[in-house]
Amino acid sequence: MEYLQAWLTLLNVPGVGPTRFRTLIERFGNPEAVLSAASRELLSVPRMDRKTAEAIRTYRDDAWLQKQLMAIEGNEVQVIPFINCKVISPDAVGDEGCYG
């Protein structure tokens, strides 16, 4: 899964709101690591419940994801991750974002 796809997928998982999203990124470092984490690893995150951990492990909505990616591309939007990201210029981020 590509970097932007992983960010969008994790943001769309039922039960993952802004606070939980931030907690997961802080714990695992990037969305790819969150999405590939084992259930027991996810359950070690404070306030994580089994239902949300399972949703993170299994949730994929390819139609929604493609729609979002097309909208981003069609509107020439640059998506910049907001956690631990100190961007001085757009070129400072690169293809992999702040975690690349």
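Is T9 buried or exposed? T9 counts as buried, at 5% relative accessibility; here buried means under 20% relative accessible area, exposed means over 50%, and partly exposed lies in between, using a 1.4 Å probe and protein chains only.

**Before you look.** This is a predicted model, in which local features need pLDDT of at least 70 and side-chain atom pairs count only at pLDDT 80 or more, while totals for chains, interfaces and linings use all residues. Residues are numbered from 1 along each chain as its sequence is written, and side-chain values use heavy atoms, leaving out hydrogens and water.

**View 1. Welcome to the whole chain.** The secondary structure comes to six helices and zero strands, where helices (H or I, at least four residues) and strands (E, at least two) are DSSP runs numbered from the N terminus. Of the chain's 100 residues, 34% count as buried. Among contacts (heavy atoms within 4.5 Å) between residues at least 6 apart in sequence, 56% join residues at least 24 apart. The chain averages a pLDDT of 83, and 78% of the residues score at least 70; pLDDT is the predictor's confidence in each residue, from 0 to 100. Over residues 84-90 the pLDDT is below 50, and this stretch has seven contacts in the model beyond near neighbours in sequence. Where pLDDT is low, the predicted coordinates should not be read in detail.

**View 2. T9 on helix α1.** Back to the residue we opened with: T9 sits in helix α1. Its side chain reaches the backbone oxygen of Q5 at 2.8 Å.

**View 3. Inside the largest nonpolar core.** A nonpolar core is a set of buried Ala, Val, Leu, Ile, Met, Phe, Trp, Tyr and Cys residues joined through side-chain atoms within 4.5 Å. Among the 20 residues of the largest one, L10, L24, V34, L42 and I56 touch the most other members. Two or more residues each come from α1 (3-12), α2 (18-28), α3 (31-36) and α5 (50-58). Zoom in on V34: leaving aside residues up to four places away in sequence, V34 touches L10, L24, I25, F28, L42 and I56. As background, nonpolar side chains tend to be buried together in soluble globular proteins.

View 4. After α2 comes G29, with a positive phi near 95 degrees.

**View 5. R20, a buried arginine.** R20 belongs to helix α2 and counts as buried at 19% relative accessibility. Its side chain makes a polar contact with the side chain of T52 at 3.0 Å. A polar contact is a pair of N or O atoms within 3.5 Å; within protein, one must be able to donate a hydrogen and the other to accept it, and residues adjacent in sequence count only if both atoms are side-chain atoms. Not counting residues up to four places away in sequence, R20 touches G15, R47, M48, D49 and T52.

**View 6. Helix α6 and its buried face.** The 13 residues of α6 (residues 62-74) should span 18 Å at 1.5 Å a residue, and the end C-alpha atoms are 18 Å apart, which agrees; the expected span is 1.5 Å times one less than the number of residues. Which residues of α6 are buried? They are L65, L69 and I72. Seen down the axis, the buried residues of α6 fall within an arc of 60 degrees, so they line one face of the helix. They pack against α1. The face turned away carries the exposed residues A63, K67, M70 and G74.

**View 7. Two residues with positive phi.** Most residues other than glycine have a negative phi. R47 is not a glycine, yet has a positive phi of about 65 degrees. Look for R47 in the loop between α4 (39-43) and α5, where R47 is exposed with a relative accessible area of 78%. E76, in the segment after α6, has a positive phi near 50 degrees and counts as exposed at 74% relative accessibility.

Definitions and conventions:
Arc of directions from axis to C-beta.
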